[in-house]
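Subject: Structure handover

Hello,

I am passing on the structure we spoke about. Please open it first; my notes follow below.

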Amino acid sequence: MKCFEYMGKEIFARFGILVPQGRMVLTPEDAAKVAAEIGKPVVIKSQVLSGKRGKAGGIKFADTPEEAAQAAAQVLSMTVQGLPVQRILVEEKLKIDAELYVAITIDGAAKAPVVIASAKGGMDIEEQDEADIVKTHLDVFLGLPAFLARDVARKIGLRGNLAKEFSDILSKMYCILNHKDAELVEINPLVISGDHLIAADAKLTIDDSALYRQKDIPFVDEDMTEVEKMAKAAGVGSFVELGGDIAIMANGAGITMGTLDMVQLFGGHPANFMDAGGGTGVEGTAKAISILLAQNPKVIFINIFGGITRCDDVANALAQVKRNIGIPVPVVVRMVGTNEEAGVRILKEVGIDAYRDMKTAAQMAVALAKRGEGA
Amino acid sequence: MAILVDEASNVLIQGITGKQGSFHFRQMRAFGTNVVSGVAPGKGGSLYEGVPLYETVQEACEHHAIDATVLFIPAAFCKDAALEAIEAGIKVIVIITEHIPVQDELIIVNRAKLKEAVIIGPNTFGMASWKCKLGILPNVAFSPGPVGVVARSGTLTYEIVGSLTNVGIGQTSVVGLGGDRVPGSSFVDMLKRFEVDPDTKCVVLVGEIGGNAEEEAAEFIKTMSKPVVAYLAGKSAPPGKRMGHAGAIIERGKGTYEGKVKALTAAGAQVATFPYEVVEKVQTLLGHP
């Protein structure tokens, strides 16, 4: 789960990392109030879960509280990368002498946390020359000892008090990674302002699997569509809207991708990616099917290879939805694996035939969607 | 032979009396797995369908020579259960559970590395070798034969292995690495084992977009004497959830479908565009009618 910048900065501040003075507000009036409290020129920053806010005009400057209210009103009326701005962060404008980059994330291939730092922070860090980026993998049992932090500071060319502050910030970032179950703690830019380092931005991604033990962090669902939010609430393993007309459910991320690939090969357009997850029972599957229906597709295509997921559970869910609320579009089911015979029998009772072969089923789903177009 | 385990291996199940554990215990036993004991705290000393239960893994290991353990443990308790198995000295540990926090996975896989234990998973269907199944893959899909299979995604593997079985081509071992960010084992770990396994005549690799595990595998495939057929899911998928700057800096353009196909093809692997093509390619390689 990605956190808004203001949430990230609140957590940074709690762990002792220096952030600009400021506050999140929802209205131009409050923006003026905060600007007056700060008593200096301020920055108005849109709070959306998207990079490139500056380029999209989502960051503005103001010298007085009146200007702050005006800028806030402008920013609050915009959308940034399709996301409407509902919150803004008003904070002191920093004197910027230089911009650094620093992040800690998990490198899955190396099975280790990795520190990434560069003396050249700011925009376009992803395109930066490999030689200008320092990467240090950490031993999970040692964590981030102070000597390693000091060495990263040295490698990006910091000296004196700045080096000391940098290694201190790095240690605190590692604490956040650990204590907040973060997958990513990133500061870009980390600003050199006089003799101090200040986190001008805060990017924090919390591990979804660990949210249950991070209850003090508010849930953020901004980058999901309405149907995606429904899917999340229903406990569907993974769901992404794709805009086509064949609603798809499969069990397992790989087979779901494989199903999308095949539907596209045969000329069809998937409405979504839905990995119903492993071992979802009747209730969960019924909810998942109602989410497929919510997309108003021309065809529903369900591709189940039962392992931990049992075919009879999926079939019962389909039968339940068909009996209770009805399914107004053709349903193509491909079903093999655990409890296959029972599943096929249950489907037959509600008038749905099941295919054994994925290719034939995919072809049928595409053909039915095309017929639906002509009707 | 097959890799890691076979029908003679003594298997422990942690969480054997739970909903998933009990169901798949019966499936595993029906498959031929030699399940010698189970761990179920609070139920130690009793028998569960003929299998002795113990309070802890340590206690189970005092009564049996355990070769492998399978965990059917809820995510929140998995770190403890996996460490318990590692510290007890078990060398093959299969973790089926999904949604384990990544910080917990880091501890598990790094501790296992230190103690020279092989972790299969987390978030995997497990594995099968000859008459030994550790995990949840459907019994009907697997049949003994000459093909080694290693995969990142579960259901897609059943699809491919099931198709191989349908045309009469069996498998030495089928291993699921799991779909998580920090898997305990890599493609390369398993390719190395298949390369030296005398019964494996060719290897099927089932990958997907994202990460760089397939690119790493390609480097090793260059050195292999056995042919490799690969299938990669996600050709049509929109770019997945990116982690922003830091993720992009680590991956540096790796992880795309095209990049993976290019790396594998250059290494001499045959890349199938769709799952059913895997079977055709394996048939040709083995000279199978």
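A residue counts as partly exposed when its relative accessible area falls between the buried range, under 20%, and the exposed range, over 50%. A:C175, at 32%, is therefore partly exposed. Please keep in mind that this is a predicted model.

Cysteines

There are zero disulfides over all chains. For A:C175, the closest cysteine sulfur belongs to A:C3 and is 17 Å away, which is too far for a bond. B:C132 is in no disulfide either, as the nearest cysteine sulfur, that of B:C61, lies 16 Å from it. With a relative accessibility of 0%, B:C132 is buried.

Salt bridges

Side chains of opposite charge can pair when their charged atoms come close. Over all chains, 34 salt bridges were counted.

A:E5 takes part in two that I looked at. One joins A:E5 to A:K9, with 2.7 Å from N to O. These two residues sit four apart, about one turn, in helix α1 of chain A, which covers residues 5-14. The other joins A:E5 to A:R53, where the closest N and O atoms are 2.8 Å apart. A:R53 is in the loop between β2 (42-46) and β3 (59-62) while A:E5 is in helix α1, so this pair ties together parts of chain A that are 48 residues apart in sequence. A:K9 and A:E5 are both buried, and A:R53 is buried as well. A:E5, A:K9 and A:R53 also belong to a network of salt bridges that links them with A:K45, A:E91 and A:D201.

A further salt bridge pairs A:K155 with A:D151, at 3.2 Å between the closest N and O atoms. Both residues lie in helix α4 (residues 146-155) of chain A, four residues apart, or about one turn of the helix. A:K155 has a relative accessibility of 46% and so counts as partly exposed; A:D151, at 25%, is partly exposed too.

A:H269

Which stretch of chain A holds A:H269? A:H269 is in the loop between α7 (253-265) and β15 (272-275). Its relative accessibility is 46%, so A:H269 counts as partly exposed. Apart from neighbours within four places in sequence, A:H269 is in contact with A:G244, A:D245, A:I246 and A:V263. A:L100 is 169 residues from A:H269 along the chain, and their C-alpha atoms are separated by 44 Å.

Regards

Notes:
Residues numbered from 1 in each chain as written. Chains lettered and ligands numbered in written order. Predicted model: local features only at pLDDT ≥ 70, side-chain atom pairs only at ≥ 80, totals over all residues. Heavy atoms only, no water. Buried < 20%, exposed > 50% of the residue type's maximum accessible area, 1.4 Å probe, protein only. Contact = heavy atoms within 4.5 Å. Disulfide = S-S within 2.5 Å. Salt bridge = Lys/Arg side-chain N within 4 Å of Asp/Glu carboxyl O.
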